[in-house]
Amino acid sequence: MPRLTGDQRARIEELAREVGTRCEGCGSARLRCGEEARRTHDHGLMVYLWCDDDVHPRGAYQYFTIPAGEFIGT
Ligand SMILES: [Zn+2]
């Protein structure tokens, strides 16, 4: 499981914003990328996006898939 650098995570957060990703629970666009990525079967990357809003006392996350060919420097 590849570990993401700070730069990669920042790039993924930017990418998520560009495509209009929002928290499924509260609709917030302030999502933080998790530290680990998983390869998908078609060579994309799957990451966790954590919601930064305090409406989720125990945290909330959702999956985000980066299509193969989207360059994040892995
Ligand atoms: Zn949320």
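What follows is a quick chat about this structure.

Q: Before anything else, what kind of model is this?
A: This is a predicted model, so keep that in mind throughout.

Q: How many helices and strands are in the protein chain?
A: The protein chain has 1 helix and 3 strands. Going from the N terminus, the elements run α-β-β-β.

Q: What box do the C-alpha atoms fill?
A: Roughly 35 × 25 × 25 Å, taken along the principal axes.

Q: What share of the residues counts as buried?
A: Of the 74 residues, 19% count as buried.

Q: Okay, the core. Which residues touch the most other members of the largest nonpolar core?
A: V47 and L49 do, in a core of 13 residues. The elements giving two or more residues to this core are α1 (6-18), β1 (31-39), β2 (45-51) and β3 (61-66).

Q: Which of those gives the most?
A: β2, with 4 residues.

Q: Back to L49, what does L49 touch?
A: Leaving out residues up to four places away in sequence, L49 touches A16, T21, L31, R32, C33, Y61, Q62 and F64.

Q: Switching to the helix. How far does α1 reach?
A: α1 has 13 residues and reaches 18 Å from its first C-alpha to its last, close to the 18 Å expected at 1.5 Å a residue.

Q: Which residues of α1 are buried?
A: Q8, I12 and A16 are buried in α1. They cover an arc of only 80° around the axis, which puts them on the same side of α1.

Q: What covers them?
A: The cover over the buried residues of α1 includes β1, β2 and β3.

Q: And which exposed residues does the face turned away carry?
A: That face of α1 carries the exposed residues G6, D7, E14 and E18.

Q: Last one, on contacts. How much comes from residues 24 or more positions apart?
A: Such residues account for 48% of the contacts in the protein chain with a separation of 6 or more.

Note on methods:
Residues numbered from 1 in each chain as written. Predicted model: local features only at pLDDT ≥ 70, side-chain atom pairs only at ≥ 80, totals over all residues. Core = buried A, V, L, I, M, F, W, Y, C linked by C-beta atoms within 7 Å. Buried ≥ 20, exposed ≤ 12 C-beta atoms within 10 Å, placed from the backbone. Contact = placed C-beta atoms within 7 Å. Expected span 1.5 Å × (residues − 1). Arc of directions from axis to C-beta.
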